[in-house]
Amino acid sequence: MRATVIGAGSAGLAVAAAFKRKGIAVEVLDRADRIGAAWHGRYDRLHLHTPKSHSSLPGLPMPRDWPRYLPRDQVAEYLEGYARHFAIRPRLGVSVQRVLRGRSGWRIETDTGEEGADIVVCATGLSGRPHRPDWPGLGTFRGPVTHTADYRNPSSVAGQRVLVVGFGNSGGEIALELSEAGRQVHLAVRRPVNVLPRDIFGVPVYRLQLLQRLLGPRAADRVAAPLMRLVLGDLSRIGLARPEKGPATAVAEDQRIPLLDIGTLGRIRSGDIALRPGIARLDGPRVTFADGSTDEYDALVLATGFRPDLSAIFGGVPGALMPDGRPARSGAPGPVAGLYFCGYRATAMGQFRTNAAEARAIAADAASGVASVTLDRAVV
Ligand SMILES: Cc1cc2nc3c(=O)[nH]c(=O)nc-3n(C[C@H](O)[C@H](O)[C@H](O)COP(=O)(O)OP(=O)(O)OC[C@H]3O[C@@H](n4cnc5c(N)ncnc54)[C@H](O)[C@@H]3O)c2cc1C
């Protein structure tokens with residue numbers, strides 16, 4: 001049995017380690033030239049928002065003397081160390097173009113040739129394809145329009161008046177950084193957002209997951225709500241509407257992860273960052289918002305997220321993907337035997353932890369298949 005894992009990020013490495021533990025021969029392919037490339041390529045200020053206790057991959061806890069919230073490059077260092085620890089040697093600089101059913105097993109077409117495998121695990125991540133909305137008149141905006149995927153630090157964005165579009169974790173942090181750098185920052189928030197403090201009285205908010213595990217998401221949200229109001233105050237007073245669903249329910253039901261605040265709310269309260277509604281249209285430097293108000297900007301930062309689209313690779317495998325190009329299943333046996341996807345599901349646990357859990361489940365399922373094949377052969 002030979003397995004091929006596409007992607008050497010946290011998901012791919014966790015799958016490879018889990019396969020090795022089950023005795024399944026595994027090869028990992030990554031189009032980048034180094035392990036952890038996705039992390040090296042993200043903005044300079046980025047730290048994990050999940051504490052290291054929630055971010056280690058199976059079999060290798062992060063060292064005690066590392067900071068609670070790892071900086072970007074240390075995440076990449078951890079991934080490199082993880083690969084070394086489990087003797088995983090990804091073939092780097094190999095981009096998978098298409099995966100098709102072969103005569104027996106899978107045919108994997110890469111930019112360097114073609115190969116075969118009995119099992120394929122796709123772990124190419126959620127952030128491969130930046131989502132860039134196309135508002136009417138966007139083409140008339142003459143200043144820089146920078147997606148967070150290309151943002152490194154305030155010097156990435158020229159101009160004094162900056163509109164950050166989107167209030168997710170990247171948008172919140174980049175708005176904060178630009179404001180601290182002395183820019184006049186507005187933040188366009190299209191719909192209500194769940195906000196949680198990253199820490200409550202020095203304790204990571206992730207510890208509250210325990211509540212969710214015990215009570216389920218809806219009850220956990222009800223129990224945690226008074227504490228959140230106490231810590232964050234009434235957010236409607238600063239113009240942030242409360243979503244219908246609480247943070248745990250929104251993740252569980254809609255895959256919408258909450259914003260973990262590391263200081264942006266304080267800047268909104270002090271008036272250093274101004275909130276605006278979603279964008280309706282642009283006309284040169286002038287932006288018209290959904291409520292009809294207008295303002296002029298020198299630059300736009302699009303914190304509008306990513307849309308994984310795997311149809312180029314798996315379009316030829318009926319049943320593997322949903323119509324929007326996302327996998328039909330992640331972290332579980334899917335509709336197509338021998339093909340798994342890892343790391344495409346948002347949960348309240350943080351992506352690292354979810355990826356690790358999915359990796360274990362995939363390896364267990366693959367190993368049970370291997371066992372039955374071996375048994376069949378033995379019987380024959
Ligand atoms: C800004 C930001 C902050 C985040 N912070 C946290 C956090 O605090 N805690 C947390 O738990 N999660 C966090 N996440 C979410 C998640 O943990 C990371 O995105 C993580 O990198 C996902 O790991 P992955 O292995 O699924 O994907 P990636 O790390 O993106 O790895 C995918 C790999 O696949 C390779 N690849 C892609 N396409 C191909 C192809 N066709 N052929 C070969 N190789 C290919 C890529 O080169 C890459 O190395 C954050 C994400 C972002 C964007």
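How many aromatic pairs does the structure hold? The structure holds eight aromatic pairs, where rings of Phe, Tyr and Trp (its six-membered ring) pair if their centres lie within 6.5 Å; planes under 30 degrees apart count as stacked, over 60 as edge-to-face and the rest as tilted. The model is predicted, so that local features need pLDDT of at least 70 and side-chain atom pairs count only at pLDDT 80 or more, while totals for chains, interfaces and linings use all residues. Residues are numbered from 1 along each chain as its sequence is written, and side-chain values use heavy atoms, with hydrogens and water left out.

A pair of aromatic rings is described by the distance of the centres and the angle of the planes. In the pair of phenylalanine 289 and tyrosine 297, the ring centres are 6.4 Å apart and the planes stand at 90°, so this pair is edge-to-face. Both phenylalanine 289 and tyrosine 297 are buried (buried means under 20% relative accessible area, exposed over 50%, partly exposed in between, with a 1.4 Å probe and protein chains only). The pair of phenylalanine 314 and phenylalanine 341 is also edge-to-face, because its centres are 5.1 Å apart and its planes are at 70°. This pair links distant parts of the chain, with phenylalanine 314 in helix H9 (residues 311-314) and phenylalanine 341 in strand S20 (residues 339-341), 27 residues apart. Here helices (H or I, at least four residues) and strands (E, at least two) are DSSP runs, numbered from the N terminus. Phenylalanine 314 and phenylalanine 341 are both buried. Elsewhere, ring pairs join Trp66, Tyr78, Tyr82 and Phe86 into a cluster.

Two arginines lie over rings. A charge sits over a ring if NZ of Lys or CZ of Arg is within 6 Å of the ring centre and within 35 degrees of the ring normal. Arginine 42 is over the face of tryptophan 39, at 4.5 Å from the ring centre. For arginine 198, the charged end is 3.7 Å from the centre of the ring of tyrosine 69.

The ligand has 28 residues around it, of which Asp30, His49, Thr50, Val96 and Phe352 come nearest; a residue is near a molecule or strand if one of its heavy atoms lies within 4 Å of it. This shell divides into 13 nonpolar, twelve polar and three charged residues. Among its contributors, helix H10 (351-379) and helix H1 (10-21) each supply at least two residues, and H10 gives the most, with three. An N or O atom in the side chain of serine 10 is 2.9 Å from an oxygen atom of the ligand. A polar backbone atom of valine 96 is 2.9 Å from a nitrogen atom of the ligand, and a backbone N or O atom of glutamine 351 lies 2.9 Å from a ligand oxygen atom. Taken alone, the ligand exposes 980 Å², and the protein buries 88% of that.

Most residues other than glycine have a negative phi. Phenylalanine 201, which is not a glycine, has a positive phi of about 45°. Phenylalanine 201 is placed in the loop between strand S12 (199-200) and strand S13 (203-204), and is exposed, with a relative accessible area of 70%. Glutamine 255 likewise has a positive phi, near 60°. Glutamine 255 lies in the loop between helix H7 (247-254) and strand S14 (259-261), and at 34% relative accessibility counts as partly exposed.

Conventions:
A polar contact is a pair of N or O atoms within 3.5 Å; within protein, one must be able to donate a hydrogen and the other to accept it, and residues adjacent in sequence count only if both atoms are side-chain atoms. Accessible areas come from the Shrake-Rupley method with a 1.4 Å probe; for residues, only the protein chains shown count as cover. Ala, Val, Leu, Ile, Met, Phe, Trp, Tyr, Cys and Pro count as nonpolar, Asp, Glu, Lys and Arg as charged, and the others, Gly among them, as polar.
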